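The following exercises are to be worked with the sequence and the coordinates at hand. Each task is followed by a solution in steps.

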Amino acid sequence: MRISTGQLYDRSIRAVLDNQDDLSDVQQQLSTGKKLLRPSDDPVGSAQVIRLTEEIDLIAQYNKNNNLLTNSVEQEETILGNVTDNIQRARQLMIQAGNGILDVNDRNAISIEIGQIRDQIFDAMNSQSANGEYIFAGYQSSTPAFSYTAGAAGNKYVFEGDEGLNDIRISNTFSLAMNNSGQTVFEDVYARLDSQITSTSGVASASTRISAQSEFDQFHKQNYDPVTPANNGYQISITGVDEVTITNVGTGAVVGTQPFTSGEPFEFQGQEFTIEGAAGDTVNYTLQKPEKKNIAETLNDFYNSLRDENISDGDYEQAISDALIGVDNSLTSIADSISLLGGKLNVAQSVFASNLDLEISNKTARANIEDVDYAEAVSELSKQETALQAAQATFAKVTGLSLFDYIS
């Protein structure tokens, strides 16, 4: 085959340009540290790099979410810790207020501190996060979780939020709530369970009080019927000079018998009764409906009892008992919430560590695909430089071969 001078020039120039292009690629790999300069270099590898990069970016976002969750949980834990300290101080004051030697002035002095504690706890119940959201309001985080209405006929401290939990995703498969609802932490706290004498027949007098709260609470929880009110009524019948029978009014079932002496107290299921009467007389009492009362309302009721100069000794004793049960139940509820927060922190830390391991694994896999091997690239650079020099030298030799050179 005859090769023209033009073909020689074209082939030689193409060889030089190809070698320059290869050399440029190697130089660019060394300067960027990346082996894949364009998708066409390795289509499968490029697709894997894109997928791994997306996964790495997603993990980075999960870690940011984890930090937000941790900060939120730690803030709530601090708030609940401060509330616990305040409630414990209020409990000490309640015990102190039960001292029989205290006069009206002493009670007023205690009420001042109780009022301050109540206000501090109410402020904590309406705590806000760094971005201005109310922590304990659930989904209604743009408005205060609790409101106060001084002239309200019933409870003056009312929960205005909902039970919503703001979840945040911290991994591909795991989400955690950033908050606890005030409904769970503060509102769903039972007040002291109680009973009330509703009627009597024939007796000269009858009174009752809770003598063993835990025993009565157990009886109440086992026997209270929220569907059929009649089943919550009981009748004490004096069946003889030395015995009473307790019967459930709704079912007619005899639930117990107790020794009896007129005018002397006797106990039944944690409840003490004092009845003056004779055989055939009866006393009816009913289990009171369980009520929920938040800690601010409990403290406010006790504050009002301390400020009431006309309160009877019996009512005052009842107010202290109600307040102590209320704060104890609140402390239990808050302790459960703090435990839940601690569990969240442990889970968040575990997921964060797992995400870091996964991130390292994905970055290693991506580096194996796209990162350049510098030793190999430097060797390739030398090879391409030699090839380019050879192509340039050959081009000079070939272009110097002409028939005119021999003729001349």
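**Exercise 1. Locate aspartate 281 and describe the surroundings of its side chain.**

Step 1. Aspartate 281 belongs to the loop between β11 (271-276) and β12; helices (H or I, at least four residues) and strands (E, at least two) are DSSP runs, numbered from the N terminus.

Step 2. Aspartate 281 is buried and forms no salt bridge. Buried means under 20% relative accessible area, exposed over 50%, and partly exposed in between (1.4 Å probe, protein chains only). A salt bridge is a side-chain nitrogen of Lys or Arg within 4 Å of a carboxyl oxygen of Asp or Glu.

Step 3. The nearest side chain of opposite charge is that of arginine 209, 21 Å away; in this count Lys and Arg are positive and Asp and Glu negative, while His and the chain ends are not counted.

**Exercise 2. State how far the coordinates may be trusted, and under which conventions they are read.**

Step 1. The model is predicted: local features need pLDDT of at least 70, side-chain atom pairs count only at pLDDT 80 or more, and totals for chains, interfaces and linings use all residues. Residues are numbered from 1 along each chain as its sequence is written, and side-chain values use heavy atoms, with hydrogens and water left out.

Step 2. The protein chain has an average pLDDT of 85, and 79% of the residues score at least 70; pLDDT is the predictor's confidence in each residue, from 0 to 100.

Step 3. Confidence in the protein chain is highest in β12, at 96, and lowest in helix α9 (residues 403-407), at a mean of 57. Where pLDDT is low, the predicted coordinates should not be read in detail.

**Exercise 3. Examine the salt bridges, and determine which parts of the chain they join.**

Step 1. The structure contains nine salt bridges. In one of them, arginine 89 and glutamate 113 meet through their side chains at 2.7 Å, N to O. This pair links distant parts of the chain, with arginine 89 in helix α2 (residues 43-97) and glutamate 113 in helix α3 (residues 104-125), 24 residues apart.

Step 2. Arginine 89 counts as partly exposed because its relative accessibility is 33%. Glutamate 113 is likewise partly exposed, at 26%.

Step 3. Aspartate 188 and lysine 292 form a salt bridge at 3.4 Å, N to O. Aspartate 188 lies in the loop between α4 (182-187) and β5 (195-201), and lysine 292 in the loop between β12 (282-287) and α6, so the pair ties together parts that are 104 residues apart in sequence.

Step 4. Aspartate 188 is partly exposed, with a relative accessible area of 29%; lysine 292 is partly exposed, at 39%. Lysine 292 and tyrosine 190 are 102 residues apart in sequence, yet their C-alpha atoms are 4.2 Å apart in space.

Step 5. Arginine 192 and aspartate 194 also meet in a salt bridge, at 3.4 Å, N to O. Arginine 192 counts as buried, because its relative accessibility is 11%. Salt bridges with shared partners join Arg192, Asp194 and Asp322 into one network.

**Exercise 4. Which residues of helix α5 are buried, and which are exposed on the other side?**

Step 1. In helix α5 (residues 213-223), the buried residues are Gln213, Phe216, Asp217, Phe219 and His220. These residues lie on the same side of α5 because they cover an arc of only 165° around the axis; the arc is that of the directions from the helix axis to the C-beta atoms.

Step 2. The other side of α5 carries Ser214, Lys221 and Gln222, which are exposed.

Step 3. In the loop between α5 and β7 (233-240) lies asparagine 231. Asparagine 231 is buried, with a relative accessible area of 16%, and its side chain makes a polar contact of 2.9 Å with the side chain of aspartate 225.

**Exercise 5. Describe the span and the N-terminal cap of helix α6.**

Step 1. Helix α6 (residues 295-307) has 13 residues and reaches 18 Å from its first C-alpha to its last, close to the 18 Å expected at 1.5 Å a residue. The expected span is 1.5 Å times one less than the number of residues.

Step 2. Asparagine 294 caps the N-terminal end of α6, with a side-chain oxygen 3.1 Å from the backbone nitrogen of alanine 296.

Step 3. The buried residues of α6 include Ile295, Ala296, Leu299 and Phe302.

Note on methods:
Polar contact = N/O pair within 3.5 Å; in protein donor to acceptor, adjacent residues only side chain to side chain.
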